[in-house]
Amino acid sequence: SDGLPAWFPSAPRWPDDPRVLDEVIAAAKLPPMVRNLAAMESQQRRLDASHRHLKALARDAGFAGSGKRRVRALYDKLAEPAGFEACVENYPGGPEATASVGEFVQWLFSNGSVRQGYQPPPGGVVGRCDACGKAARGECGTCGENFCSRACLKASWPNHKSICDTVADNCQISLVLTAIEHRRALGNGEFSKC
C-alpha cells in the first residue's frame, strides 16, 4: 500500500443507475437512508460529468484556444449540449459580447446550473488524464478526476492530494458506494491491483 487512493478503470454506475445503487446498498447491508444521501452525491457526479462534457465539446470544436467567441455561440455549442442552463442575456455585455472559453465557463459556473435530468451522452464522455493529457476513462477512486493509469495518479499525487482530501471530507457515502461497486465488479483479487 502506497497511501494513494485506488485507481478505477471506469466511472461508477451507481450515480446514474438506481438498480446498481440498490444492489450496492444491499450487498453492503447499508441502511435504506443511504439512498437519500447517495442522491445528493450523485448530483455532484452529474455536475462533474457535465463539466467534462463541456470541456470535451470545447476541445472537439476547436474552442479550447485563447480566441474569443460570441457568448451566444459558446452557449449554443458548448453549454446547452453539456446540460447547462443560464440566461446569456445576463452575461456582461449580453449574448453578443465576446469571451474566451475560460471566461465564459467561469461565468457559467457562477450563473448557471445543470439542467434537471441531464444525462451524459451514451457511453459517457472520455475525459483527459490530469497528469499527461491522454484520453482517459479511468479515475481516482476518491475524487473522480480522470487519470489514464495508476502511474499517472501516482505521478500527479503531490498536486492532486488537496482536491482528494476535500472530496474525501465531503463525500464519504460516495467513496463507500464507489469502492463497493468496483470491488464487486472486479473481484477482491483484481480490486487490490487497481
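The chain is built from 6 helices and 8 strands, where helices (H or I, at least four residues) and strands (E, at least two) are DSSP runs numbered from the N terminus. Followed along the sequence, these elements come in the order β-α-α-β-α-β-β-α-β-β-β-β-α-α. This is a predicted model, in which local features need pLDDT of at least 70 and side-chain atom pairs count only at pLDDT 80 or more, while totals for chains, interfaces and linings use all residues. Residues are numbered from 1 along each chain as its sequence is written, and side-chain values use heavy atoms, with hydrogens and water left out.

**Confidence**

- The mean pLDDT of the chain is 86, and 94% of its residues reach 70 or more; pLDDT is the predictor's confidence in each residue, on a scale from 0 to 100.
- Over residues 190–194 pLDDT stays under 50, and for this stretch the model has 10 contacts beyond four places in sequence, a contact meaning heavy atoms within 4.5 Å.
- Where pLDDT is low, the predicted coordinates should not be read in detail.

**Overall shape and surface**

- Taken along the principal axes, the C-alpha atoms fill a box of roughly 55 × 35 × 30 Å.
- Of the contacts in the chain with a separation of 6 or more, 63% are between residues 24 or more positions apart.
- Buried residues make up 40% of the 194 residues, where buried means under 20% relative accessible area, exposed means over 50%, and partly exposed lies in between (1.4 Å probe, protein chains only).
- The chain exposes about 10500 Å², of which carbon and sulfur atoms supply 52%; accessible areas come from the Shrake-Rupley method with a 1.4 Å probe, and for residues only the protein chains shown count as cover.

**Salt bridges**

- The count comes to 12 salt bridges, each defined as a side-chain nitrogen of Lys or Arg within 4 Å of a carboxyl oxygen of Asp or Glu.
- Asp22 and Arg35 form one of these, with their closest N and O atoms 2.3 Å apart, and the pair links distant parts of the chain, since Asp22 lies in helix 1 (residues 18–28) and Arg35 in helix 2, 13 residues apart.
- Both partners count as partly exposed, Asp22 at 39% relative accessibility and Arg35 at 31%.
- Arg72 forms a salt bridge with Glu89, the closest N and O atoms being 3.0 Å apart, and this pair joins helix 3 (residues 71–79), which holds Arg72, to the loop between strand 3 (84–85) and strand 4 (98–99), which holds Glu89.
- Arg72 is partly exposed at 24% relative accessibility, as is Glu89 at 46%.
- Asp165 and Lys161 meet in a salt bridge of 2.8 Å, N to O, and because they are 4 residues apart in helix 5 (residues 150–170), about one helical turn separates them.
- Asp17, Arg19 and Glu23 are linked in a network of salt bridges.

**A nonpolar patch**

- Met33, Leu37 and Met40 form a nonpolar patch on the surface, with about 300 Å² of accessible area together.
- Met40, which is found in helix 2 (residues 34–60), is exposed, with a relative accessible area of 53%.

Definitions and conventions. Patch = residues over 30% accessible without salt bridge, like charges linked within 9 Å, V, L, I, M, F, W, Y side chains within 5 Å.
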